[in-house]
Amino acid sequence: MSIPEIIQQPPGTISFSTPAKNTLLIELSGFWEIGGKSPSAKEVQDRIDADSTISRIIFDSGRLLSWDSTLLTFLIRIIDICSTSGISVERDGLPRGVQRLLTLACDNLDKKQVQLNVPAESFLARIGEGTLKIIISSAEMLDFIGEACSALFRLFMAKARFRGSDLALIIWECGVQALPIVSLISALVGIIVAFVGVVQLRIFGAEIYIANVVAIAMAREMGALMTAIIMMGRTGAAYAAQLGTMEVNEEIDAFKTLGISPMEFLVIPRIVALVLMMPLLCVYSDIVGILGGAVISIGMFDLPVNQYYDQTLNALSITHLSIGIIKSAVFAVLIAISGCFYGMHCGRSASAVGDAATSSVVTGIVLIVLADGIFAVITNAFRI
Amino acid sequence: MTQTDTQIMQGDPHIRVNDVTLAYGNYVVMKDISFSIRRGEIFVVMGGSGCGKSTLMKIMLGLMPPVKGDVFYNGVNFWESSQNRRNKILENVGILYQKGALWSSMTLAENVALPLEEHTNLSTAQIREIVSFKLSLVGLTGFEEFYPSELSGGMIKRAALGRAMALDPDILFFDEPSAGLDPVSARVLDDLILELRESLQTTVVVISHDLESIFAIADNSIFLDLETRTMTATGNPRALLSKSRDTNVCSFLTRGKPCS
């Protein structure tokens, strides 16, 4: 006999007999364990359906070798089937442990049933509830923005209170520490714009104008937009997670009950830090993007360095740069508001912190793109 | 003489909760809760998990408005007062949250110092002295520069108590003080609560379902019944244990044993 045959356990089986009129005896045998083979309750259902005279079920577990939750779920299913068919189930023939666990589980299932009896909401009710949630959430967002404006006003009046050291730390985190990722993405965006542009311009023999394309694209659009998207994913999500964790740990409640405004102490430094840092990061992104474009144009397409430099300077104007910088300041406010709002309105569980971070990033990016579109319309209307 | 002073002299209770109903949306957690807490009393709000003890505390602390009813501090209606007045009332209240709620980005010294910096005109040196004193009261001398993440659960609770006492409040709230603590640390905290009451005559409100702690410290208590969703008993827990005929109160105070 080979070793696998020795350790193989006999599967769980059932057999039926009718020791008395109207009585079905189910004999349980073998190993009823998770991962092993065991019969389905459907066999019992079929047997009951085949004989309509059955009004009582009894068990014999004399040949049952081992059992776990597999047997219990099988028995609960049988009890369920029998209760709907009006058949009584006698548990005396089952092992004592199984009987006790069945009693416990059935008691709790009854309680669960009570909770489940609450009528299900209709489709329209759910739509209505969803709409109300959106309205309430929008009202909360407006309330939050109003509070933030009021706190910013207090800041300008030198009445808002927060720690300078906190502001310095937040500036460090959202400014200096963001430089590597902003450098990488901006350089790549500059390279991509240059690569795509130069191939098209070459058809018309106007490769040198790629300097204008890269400079204007980075200064007006890509510098501000890419920095904003990076900062939303990086810093906005971090704000939501930080404040969300503070909410979970009751740290925000501690501020409120000590008479310290969480809006002034936590939100305002974050808004101020981002509004200060984002325009700087945007200018930095513009420079790195233009350099990235230059590397490709000069290195791969042999454009003269002096000519490229002159074209870039000619193309760049204060207007283009200003539009990018103003946009980045607006994006900074949107990122900070979005991150802080979801953090401060986070639930009280670990998963709620994740949800807050996700919601803040999704909302933030939508707001950024929306604001960028509005800027495009306004600048076009004023022919800037 | 202020309105508050007059009312104290007239013998108003330190805190009075009048006919309060707690609810989340349409779900009523507890209704018709009324009780009074005398000055210098250790008052325990007891009841099973999920019965609304912490929600009641939130309402008493201005973190959540009641659906119905009023909360009075020294006779002043808390929820009808302006936000500034409420903040002023809360300056006299210290809170020890269930998980400590120490600000994780600050050291222990900074945690205790912040309320002092915000609400007093003390110099940095004076604040430092007070911080050291408060931390020594809770047995954490030498831990000033530690961050909350570097401390054990018991130490966090004690440090949080140090912060709660920073402004020498008249009232201290404790939300499940013994939750998550080993028996010895829980006992240390109970002794500290008794000591504070004896030495400072502080009014203490404790939210708890820890029987050992309740019997050790409580002068007076109320029982919130999850089944009837209202307050079903009030009095000293030992007296309730011997006299109460309410099955749920007996069951709670005897850990589910049948009432005698």
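**Entry 1: a nonpolar patch**

I began with the surface of chain A in this predicted model, where Ile181(A), Leu184(A), Leu188(A), Ile192(A), Phe195(A), Val196(A), Val199(A) and Met300(A) form a nonpolar patch with about 690 Å² of accessible area together. I then looked up which helix gives the most to the nonpolar patch, and found helix α7 of chain A, residues 179–203, with seven residues. Val199(A) lies in this helix α7, and I noted Val199(A) as partly exposed because its relative accessibility is 38%, which falls between the cut-offs of 20% and 50%.

**Entry 2: where the chains meet**

Next I turned to chain A and chain B, and noted that 17 residues of chain A are in contact with 21 residues of chain B. The size of an interface is often given as the accessible area lost when the parts come together. For chain A and chain B I wrote down a buried area of about 1,800 Å², with carbon and sulfur atoms giving 57% of it. On the side of chain A, the residues that lose the most area to chain B are Glu250(A), Thr257(A) and Leu258(A), which together make up 34% of what that side buries.

**Entry 3: polar pairs across the interface**

I looked for charged pairs and found two salt bridges across the interface of chain A and chain B. Arg161(A) forms a salt bridge with Glu118(B), and the closest N and O atoms of this pair are 3.1 Å apart. I also noted seven residue pairs in polar contact across the interface of chain A and chain B. As for the helices on the side of chain A that touches chain B, α8 (210–248) and α9 (251–257) each supply at least two residues, and α9(A) gives the most, with six residues.

**Entry 4: helix α4 of chain B**

Is helix α4 of chain B largely enclosed or open? I found that nine of its 12 residues, in the run 108–119, are buried, so helix α4 of chain B is largely enclosed by the rest of the structure. Among the buried residues of α4(B) are Leu108(B), Val112(B), Leu114(B) and Glu118(B). The buried residues of α4(B) pack against α9 and α10 (262–301) of chain A, together with α5 (124–137) and α6 (153–164) of chain B.

**Entry 5: Arg163(A)**

Last, I looked up Arg163(A), which sits in the loop between α5 (123–156) and α6 (164–174) of chain A. Arg163(A) counts as buried because its relative accessibility is 14%, under the cut-off of 20%. Leaving aside its neighbours within four places in sequence, I found Arg163(A) in contact with Phe265(A), Met106(B), Glu110(B) and Leu114(B).

Note on methods:
Residues numbered from 1 in each chain as written. Chains lettered and ligands numbered in written order. Predicted model: local features only at pLDDT ≥ 70, side-chain atom pairs only at ≥ 80, totals over all residues. Heavy atoms only, no water. Patch = residues over 30% accessible without salt bridge, like charges linked within 9 Å, V, L, I, M, F, W, Y side chains within 5 Å. Areas by Shrake-Rupley, 256 points an atom, 1.4 Å probe, with all protein chains shown as cover. Salt bridge = Lys/Arg side-chain N within 4 Å of Asp/Glu carboxyl O. Helix = DSSP H or I, 4+ residues; strand = E, 2+ residues; numbered from the N terminus. Buried < 20%, exposed > 50% of the residue type's maximum accessible area, 1.4 Å probe, protein only. Contact = heavy atoms within 4.5 Å. Buried area = accessible area lost by both parts, 1.4 Å probe. Polar contact = N/O pair within 3.5 Å; in protein donor to acceptor, adjacent residues only side chain to side chain.
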